[in-house]
Amino acid sequence: MSDFTHLDSAGHARMVDVTNKQPTVRAATASGRVVCGPDVVAALRSGDVPKGDVLAVARIAGIAAAKRTAELLPLAHVIGVHGAVVDLSVEDDGVHISATVRTADRTGVEMEALTAVSVAALAVVDMVKGLDKSVSIADVRLEAKTGGKSGDWRRPE
């Protein structure tokens, strides 16, 4: 058996078998941002983005993405996403995004939280790209996780 959990003894990718693990309450929070120029920030603040309510669309996109993570990542487990909150705020340099995903399952929801932030950011870009094609996604990262075998973790300040 390989020392790598996602490789079999021949070095082939495999999904880790979590059948015998007991479900536990787990949560993960991720964050990221969409960097925008002052004209886009002004349009976001005034609600004058031609495509509509950017933050509402991005919030729904992030929640939907959290629930479909296993379809995107080939070795991720299909788990029950029991709660997903995606928060977006317009700041002077763009849009800050935070997502917290919760479950009571056999494996964690770190990838679901990261996927929620990533897809919410993509939705923001899609909604504002007509105003400024130079917007970019930055700093997508895990902030904290709770539960599971490895216990709680928080990104150092």
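The buried residues of H1 pack against H2, S2, S3 and H4. Let me start there. One caution: this is a predicted model.

Which residues of H1 are buried? They are Val40, Val41, Ala43 and Leu44. These residues sit on the same side of H1, because they cover an arc of only 160 degrees around the axis. Now turn to the face away from that buried side. There you find Pro38 and Asp39, both exposed. Just after H1 comes Gly47, and Gly47 takes a positive phi of about 80 degrees.

Next, the core. In soluble globular proteins, nonpolar side chains tend to be buried together. Here, the largest nonpolar core has 35 residues. Val34 and Ile97 touch the most other members. Two or more residues each come from S1, H1, H2, S2, S3 and H4. Which element gives the most? H4 does, with eleven residues.

Last, the largest pocket. Its space is about 590 Å³. The lining has 24 residues. Nearest the centre are His6, Lys21, His77, Thr107 and Gly108. S1, H4 and S4 are the elements that give two or more residues to this lining. H4 has the largest share, three residues. By class, nine lining residues are nonpolar, nine are polar and six are charged.

Notes: Residues numbered from 1 in each chain as written. Predicted model: local features only at pLDDT ≥ 70, side-chain atom pairs only at ≥ 80, totals over all residues. Heavy atoms only, no water. 1 Å grid on protein atoms, 1.4 Å probe; cavity = no way out; pocket = protein on both sides within 12 Å on 5 of 7 lines; lining within 4 Å. Points joined across faces, edges and corners; volume = space filled by probe spheres on them. Helix = DSSP H or I, 4+ residues; strand = E, 2+ residues; numbered from the N terminus. Nonpolar A, V, L, I, M, F, W, Y, C, P; charged D, E, K, R; others polar. Core = buried A, V, L, I, M, F, W, Y, C linked by side-chain atoms within 4.5 Å. Buried < 20%, exposed > 50% of the residue type's maximum accessible area, 1.4 Å probe, protein only. Arc of directions from axis to C-beta. Contact = heavy atoms within 4.5 Å.
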